[in-house]
Every structure is written in structure tokens, then in C-alpha cells.
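Please read this briefing with the sequence and the model side by side.

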Amino acid sequence: MWRGLWTLVARAARGPRRPCARQGSGARAPGSGATIFALSSGQGRCGIAVIRTSGPASGHALRSLTAPRELPRARSASLRLLTDPRSGEPLDRALVLWFPGPHSFTGEDCAEFHVHGGPAVVSGVLQALGRVPGLRPAEAGEFTRRAFAHGKLSLTEVEGLADLIHAETEAQRRQALRQLDGELGQLCSGWAETLTKALAHVEAYIDFGEDDNLEEGILEQADSQVRELEVALDTHLRDARRGQRLRSGAHVVVTGPPNAGKSSLVNLLSRKPVSIVSPEPGTTRDVLETPVDLAGFPALLSDTAGLREGQGPVEQEGVRRARERCGDPSTGPPLLTRARHQHHLQACLDALGHYRRATDVALAAEALRVARGHLARLHGGGGTEEILDIIFRDFCVGK
């Protein structure tokens, strides 16, 4: 329903276009001067719906729709009557909030309208905003992309936010919150600082190698820093799949001889009658799949036919083994949750290998620059627009 409403608003504001929610961000470059608006709360009927704006015309939009016309106190909720800026027709009585930049989610001037969640109310407010000069409907992920462009979120924090929005289990939520809080980014920043110090030592040797005032053993210091970093990167790479499994879920195939209790186990863990249970062998003849939550850890269970070749507290044992295998995401070092993380860390480690094997000090310095560049791209972007589009496409329109 909301998707249909959003299509009408978008067409009214800028002509026909596809109402893409997760088909690719397509977000315009921040700083283009446009002010965007979107429904930020969930789709469907609800008690309260949140509509937000971001951009230089946010204050004008807030004044245009509210009475009285002055802006409310920053970051304080104010009860206002919303009216259509053209006809003056009342739309709703709502809570409005004003977030002047740079102290806002995106770093720009932002406004929020907390309206009643009926379709007619939401549609009326969205259409009214579309009539305010300088406003246009937001693209998928555009609010978060503007926050990234204005330095409010690092790239790893953006990914953590996306994972938090899509989290379905407690373990996924805990891991996403840690990444959103910047733990992975801080770890990468620490590694990058180590590389910067090592590179400074190598370049100092290049520039002042024959200077008597140069500290002795400066290259040995760089070698020691690189060795320590190699150990840390190798440890994280060996554990990289654990973070990706926790984010995406593990695929578990339940197999064994006929009448071994496979279907009963699947039904027990899923807490619903997914599979038919019968004393007759061969009841299950096709692969039946169901998503389950094992103490916060996501898994996809597949019940299969018997191979013709037990019982007890199987659920507790499954939970114990699940905990022993994905680990506790709320403790220990932050996990690598995406293939992109693993790619850049592996490339960084490869560059450090080139550093150790370099026969020329200038080549060694270049290897450190390459390694540091991969850490920078992992944490802060610096990649192509296509890579950023892939990251931001996981967001809905209002985020």
C-alpha cells in the first residue's frame, strides 16, 4: 500500500519513475542543493508514522506545513497542526521536530513529522511536501548516504546500520550494534596508524639514511610493527567466515537413516510442524527448508530423505554447538561481516608480504602505501561509485 502511495507522490513531484525500495541506491550526489523527504517508519497501517526531510529547505518545509509558522526549539518535540501549503486544508495534528545541521543524522538541516499512521494522513503529508519548492522524494538509502558524505558515519558504520535494520536474531542485533558503534572502524584505524608509523620510519630512512642524527634501528622498528600487524590480520582473516555466517545465517542439512528423528528434530527446532512425522519410513521425500533462530543465531534447516543406514535434549545440544561454532558476537574482537572486508584485509596482508620480500627500500615503502590504502577503503570508502551503490542499495527509501 505504501509503495503505491509513494509512487503517486514521486510522479507528482518529478514525473513517472520506478518506486525502487531496494533495487540499487541511485542516490544523487550529496550537496546538490536538493532537499529530500520520505516516509521513514515501516510500511502499513500503524499508530504513528515518521516522515523526515533533509537539506537546506527543511526549515522552509516545516514552516510551510505547520501553524504557527515559526520553527520549534531544536531537538524538542512540538505539537503542531499540519496544513496543506496550497489549500490550507488541515492534514493532521502531529509532533514535529527540528534538527538544524550539522547536529543531525545527515549533517544537514532535518525535520521530522510524527503523524498518525493511516494511509490517507501519510499520503496527504507526502503530497503536501512534494508541493513545497526545492523538495523531492528521496532515493533508496539517500539519507544514510548523505550522513556518510558529511562524515557522520564511516563506511563500516553504514554497513552496521544496514545490518541492524535487517537483523532478525539477537546475535545479529548485537553484532550489528557493535559495528554501528564503530568498533570495526576503530580497529581498522588502529591498524592504519601502525602502518603510517612504519611508513614514516621507512621514508625517514630513505630521506635521511646517511644522516648521523637519524635514530638507530629505525628500519627494524618498521619491520617489528609490520610483523605484529601481519599476525593480527591473519587472525581476523582465519575467522572471517564466522562474521559472514552470523550475518547471513548458516545452512544446516539434517540427514541420516530413515526414522532417525530428522523431521522431529526440524519441527522441534523450528517450533512448528514443518515436516510430516510418521513411523513409516520414507515419509520425507523432498528437501524441506525452514529458517530458525537458535538462541539468537540464524540458520536455515533442510530436512532430507533418509539415507538408510538421537534422541534426548537435542535442542539444548544444538544451541550449545551453535554457540561453540558463530562465538558470542558481544565479546572479543569485532567480526568481519562482509566479503568486502575480507577482500581488503587479504589485499593488505598480501601487500605486507611484498614489503617483507622487497629488495629495495623504495619498493618496501610503496608496499606499505598499498597496504594502508586497502585499510582506508575498508573503513572510509574511497572506492568507485558502483561499490558505494552496492553498499547503499540495502537501505529502504526513508533511510
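Cys 110 is buried, at a relative accessible area of 7%, where buried stands for under 20% relative accessible area, exposed for over 50% and partly exposed for what lies in between, with a 1.4 Å probe and protein chains only. This is a predicted model, in which local features need pLDDT of at least 70 and side-chain atom pairs count only at pLDDT 80 or more, while totals for chains, interfaces and linings use all residues. Residues are numbered from 1 along each chain as its sequence is written, and side-chain values use heavy atoms, with hydrogens and water left out.

**Cysteines**

- The structure holds zero disulfides, a disulfide being a pair of cysteine sulfur atoms within 2.5 Å.
- Cys 348 accordingly takes part in no disulfide, and the nearest cysteine sulfur, which belongs to Cys 188, is 9.1 Å away.
- Cys 348 is also buried, with a relative accessible area of 0%.

**The sheet**

- Seven strands make up an open sheet of mixed pairing, in the order β3-β4-β5-β6-β2-β1-β7; strands (E, at least two residues) and helices (H or I, at least four) are DSSP runs numbered from the N terminus, and two strands pair if DSSP finds at least two bridges between them.
- The edges are taken by β3 (66-67) and β7 (135-137), each of which has a single partner strand, so one side of each is left without a neighbour in the sheet.
- Strands of a sheet pair through backbone hydrogen bonds, in either a parallel or an antiparallel way.
- On to the next strand, β5 and β6 pair in the antiparallel sense over five bridges, and Val 96 has Phe 113 as its bridge partner in β6.
- Seven of the ten residues of β5 are buried, so this strand is largely enclosed by the rest of the structure.

**Loops and backbone angles**

- Arg 75, in the loop between β3 and β4, has a positive phi of about 60° although it is not a glycine, and its 46% relative accessibility makes it partly exposed.
- The hairpin of β4 and β5 has six residues between the strands, and there Gly 88 takes a positive phi near 75°.
- The peptide bond from Gly 101 to Pro 102 is cis, with omega near 5°, and Pro 102 is found in the loop between β5 and β6 (110-117).

**Helix α8**

- Helix α8 (residues 218-238) has 21 residues and reaches 31 Å from its first C-alpha to its last, close to the 30 Å expected at 1.5 Å a residue, the expected span being 1.5 Å times one less than the number of residues.
- The buried residues of α8 are Ile 218, Ala 222, Gln 225, Val 226, Leu 229, Glu 230, Leu 233, His 236 and Leu 237.
- Seen down the axis of α8, these buried residues fall within an arc of 145°, so they line one face of the helix; the arc is that of the directions from the helix axis to the C-beta atoms.
- An α-helix has 3.6 residues a turn, so residues three or four places apart point the same way.
- Turned away from the buried side of α8 is a face that carries the exposed residues Glu 220, Glu 228, Val 231 and Arg 238.
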